[in-house]
There are 2 protein chains.
Amino acid sequence: MKSKKKVTFADIAAYTGFSKTTISRYFNDPDSLTLENQQKIADALVALDYKENKVGRILASGKTEFVGLIIPNLYLHYYSEMLNQILATYETYGYKFLVFAGSSKADVERKYIEELLAYNIEGMIILSGTIPSRELASYNVPVVGIEREDRYISSVNTDNYMGGVQAASLLRKSDCDIIIHVNANVPDTSPASGRIHGFVDTCEEYHLPYELVLTDLGDTFEENRERITRLVDEFEEKYPGKKKGIFMPNDTHANVLLNILFQRYGRLPDTYQIIGFDNSPISREAVIPLSTVGQQIPVIANEAMKLLSEQMEERKKRRPAPLKEPVHKVIPPILIRRDTTA
Amino acid sequence: MKSKKKVTFADIAAYTGFSKTTISRYFNDPDSLTLENQQKIADALVALDYKENKVGRILASGKTEFVGLIIPNLYLHYYSEMLNQILATYETYGYKFLVFAGSSKADVERKYIEELLAYNIEGMIILSGTIPSRELASYNVPVVGIEREDRYISSVNTDNYMGGVQAASLLRKSDCDIIIHVNANVPDTSPASGRIHGFVDTCEEYHLPYELVLTDLGDTFEENRERITRLVDEFEEKYPGKKKGIFMPNDTHANVLLNILFQRYGRLPDTYQIIGFDNSPISREAVIPLSTVGQQIPVIANEAMKLLSEQMEERKKRRPAPLKEPVHKVIPPILIRRDTTA
């Protein structure tokens with residue numbers, strides 16, 4: 001086992017013959033030293049096997065390279081895939097992530113944010129919709145929201161309206177007697193509401209018979225299954241023998257619907273077409289591959305970090321020019337036709 | 001928008017009439033002040049709306065409350081559920097998590113660990129098996145491993161041997177002609193190898209015909225599906241018409257097998273019994289609920305943090321007594337009978 005005794009500024013000073021102040025300047029303002037002296041100190045660090053202590057640098061520079069990340073849950077496959085992709089941006093941007101799994105309770109999430117701010121995070125990525133964007137903006141730290149209300153903060157979202165258009169158009173082509181969109185009753189300030197508008201506008205444009213089912217499907221798998229089972233019963237009673245095209249709010253819920261039908265019929269009956277949303281892993285891993293309106297999760301994760309890192313880098317300048325208005329990036333969805341639509 | 005100008009020790013000193021040194025002692029060694037003076041300063045903090053700057057405290061105390069977490073991937077549902085449960089321990093222990101998604105490359109994971117150490121993390125939880133425990137132990141920071149080689153580090157693992165016994169015993173009761181365990185060719189130093197031994201010992205004890213299929217099923221869903229499809233072809237050729245009981249290495253792979261059979265037969269044929277491992281969410285969300293040897297993921301997450309926090313707290317004492325030997329906690333698995341076994 002190697003000895004891991006910490007090399008201090010005093011050790012480096014003794015080794016090089018410089019003062020401790022000079023060593024400190026090397027770390028915090030290297031350009032104030034001659035190139036020759038910078039080199040001498042750099043050589044000493046190698047010789048002494050110096051391990052950088054970032055906490056010391058942080059205090060000197062105020063820059064922690066921390067990004068706080070609040071995710072509502074890891075139950076929805078969309079979120080665990082988004083987390084995966086955001087963590088992967090470390091290779092490109094070098095920021096480290098302090099991660100909290102949200103609780104849907106504003107008080108608890110506020111406590112998380114206070115913790116994050118106490119650690120001098122440089123920015124936040126917020127997927128949870130619990131705390132209003134106005135409050136998030138007031139923390140005076142760059143924030144990027146993903147798929148949440150974003151009036152006062154920058155954001156990266158899928159073009160949800162286009163997603164609704166894509167879903168309705170695909171179901172239109174598969175000759176359904178009735179087209180149904182199931183979703184939560186999302187407020188107009190949430191990006192997801194765009195899906196509902198895109199769906200409705202397309203149905204009305206083409207005079208397609210449609211129904212909106214805006215209802216809470218619950219927060220756990222057990223609640224989802226129970227409520228979606230009830231929906232299937234209702235659909236079968238209301239539209240017996242009709243061909244039903246169903247646009248679900250996400251792939252996790254589309255998978256629950258697909259499984260209920262497989263359990264009843266041993267296959268996806270010809271009277272059903274299903275399309276999900278997200279292109280999260282479950283859409284491929286389902287009993288038969290699910291058609292879906294794909295969110296470009298790696299693109300969104302990357303654009304969110306790009307937008308955030310630009311703001312974080314700006315704040316490191318001598319005369320930072322903060323954003324005058326929040327920036328909203330919109331990423332097009334990609335329709336993915338698999339085996340649950342014609 | 002509230003003004004967020006930072007309140008400094010100098011402001012608190014000016015407000016209370018104490019010296020800055022006294023204010024600093026309040027934060028770093030409060031018991032060195034009288035209760036009355038502690039109260040005066042506490043009142044001033046409220047009056048001034050002081051926000052704690054943890055980076056300052058960290059430098060004073062050396063205690064960051066950070067735990068580094070390295071997870072191999074978030075594709076296996078077991079890992080995303082474990083991450084979820086580990087993050088949830090924040091409510092109990094107060095430690096914050098710096099999270100890296102592992103890369104299975106030792107060089108990259110070493111870089112992650114260097115980053116973590118540079119931030120003075122107080123401990124690490126490692127789920128990735130890439131770096132040998134001997135090296136992890138040499139970093140001189142408390143480490144707890146979960147389901148990985150753990151000779152030189154503390155660990156919390158499921159009793160994998162008992163899991164293998166439970167799986168073979170359940171398949172034995174369902175009157176199979178042949179019992180098959182599919183797994184990676186895990187080395188004996190990995191806890192998962194216990195499953196293979198428990199399975200084999202049980203089959204031999206009861207003279208059950210069995211087969212071990214030790215093979216790499218790949219790292220992505222596409223690879224999994226292709227290789228498990230090939231396995232099904234082989235089983236059908238080798239054991240036509242026989243009743244096959246198959247113990248898969250985890251629920252994610254058990255779900256892939258179940259879906260392949262549903263796609264071929266519209267149901268789980270009577271000639272197949274399937275049991276997974278983990279009790280991860282996919283086992284409930286599968287087309288029919290999967291029987292599984294359940295890992296007690298919340299218990300494991302909690303025990304890992306308990307073990308780690310004991311070691312981290314010990315190091316904060318004046319005369320810490322480090323562990324003489326790594327501690328290995330073993331958590332019993334729970335057999336969960338659902339619809340893929342008799």
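**Loops, helices and cores in a predicted model**

Q: How many other C-beta atoms lie within 10 Å of Asn120(B)?
A: Asn120(B) is found in the loop between helix H7 (106-118) and strand E3 (123-126) of chain B. Its phi is near 55°, again a positive value in a residue other than glycine. Asn120(B) is partly exposed, because the number of other C-beta atoms within 10 Å is 18.

Q: At what angle do helix H1 and helix H3 of chain A pack?
A: Helix H1 comprises residues 9-16 and helix H3 comprises residues 35-48. Their crossing is right-handed. The axes of H1(A) and H3(A) are 10 Å apart, and the angle is about 115°.

Q: How many residues of the contact of H1(A) with H3(A) are nonpolar?
A: On the side of H1(A), the contact involves Asp11(A), Ile12(A), Tyr15(A) and Thr16(A). On the side of H3(A), it involves Lys40(A), Ile41(A), Ala44(A), Leu45(A) and Leu48(A). One residue of this contact is polar and two are charged, while the nonpolar residues number six.

Q: How far apart are the C-alpha centres of domain 1 and domain 3 of chain A?
A: The domain assignment of chain A gives domain 1 as 9-60 and domain 3 as 160-295. Domain 2 is given as 66-158 + 298-332. The C-alpha centres of domain 1 and domain 3 are separated by 61 Å.

Q: Which residues touch the most other members of the largest nonpolar core?
A: In soluble globular proteins, nonpolar side chains tend to be buried together. The largest nonpolar core here has 88 residues. The members that touch the most others are Leu98(A), Ile125(A), Ala304(A), Leu98(B), Ile125(B) and Ala304(B).

Q: Which residues of chain A are in contact with Leu98(B)?
A: Neighbours within four places in sequence are left aside here. From chain B, the contacts of Leu98(B) are Phe66(B), Gly68(B), Leu69(B), Leu116(B), Tyr119(B) and Ile121(B). From chain A, they are Lys96(A), Phe97(A) and Leu98(A).

Q: How far apart in space are Leu335(B) and Phe247(B), C-alpha to C-alpha?
A: Leu335(B) lies in strand E12 (residues 334-336) of chain B. Leu335(B) counts as partly exposed because it has 19 C-beta neighbours inside 10 Å. Leu335(B) and Phe247(B) are 88 residues apart in sequence, yet their distance in space is 12 Å.

Definitions and conventions: Residues numbered from 1 in each chain as written. Chains lettered and ligands numbered in written order. Predicted model: local features only at pLDDT ≥ 70, side-chain atom pairs only at ≥ 80, totals over all residues. Axes fitted to C-alpha atoms, helices over the stretch in contact; angles between N-to-C directions. Helix = DSSP H or I, 4+ residues; strand = E, 2+ residues; numbered from the N terminus. Left-handed = near helix turned anticlockwise from the far one by under 90°. Contact = placed C-beta atoms within 7 Å. Nonpolar A, V, L, I, M, F, W, Y, C, P; charged D, E, K, R; others polar. Domains from an automatic or database assignment. Core = buried A, V, L, I, M, F, W, Y, C linked by C-beta atoms within 7 Å. Buried ≥ 20, exposed ≤ 12 C-beta atoms within 10 Å, placed from the backbone.
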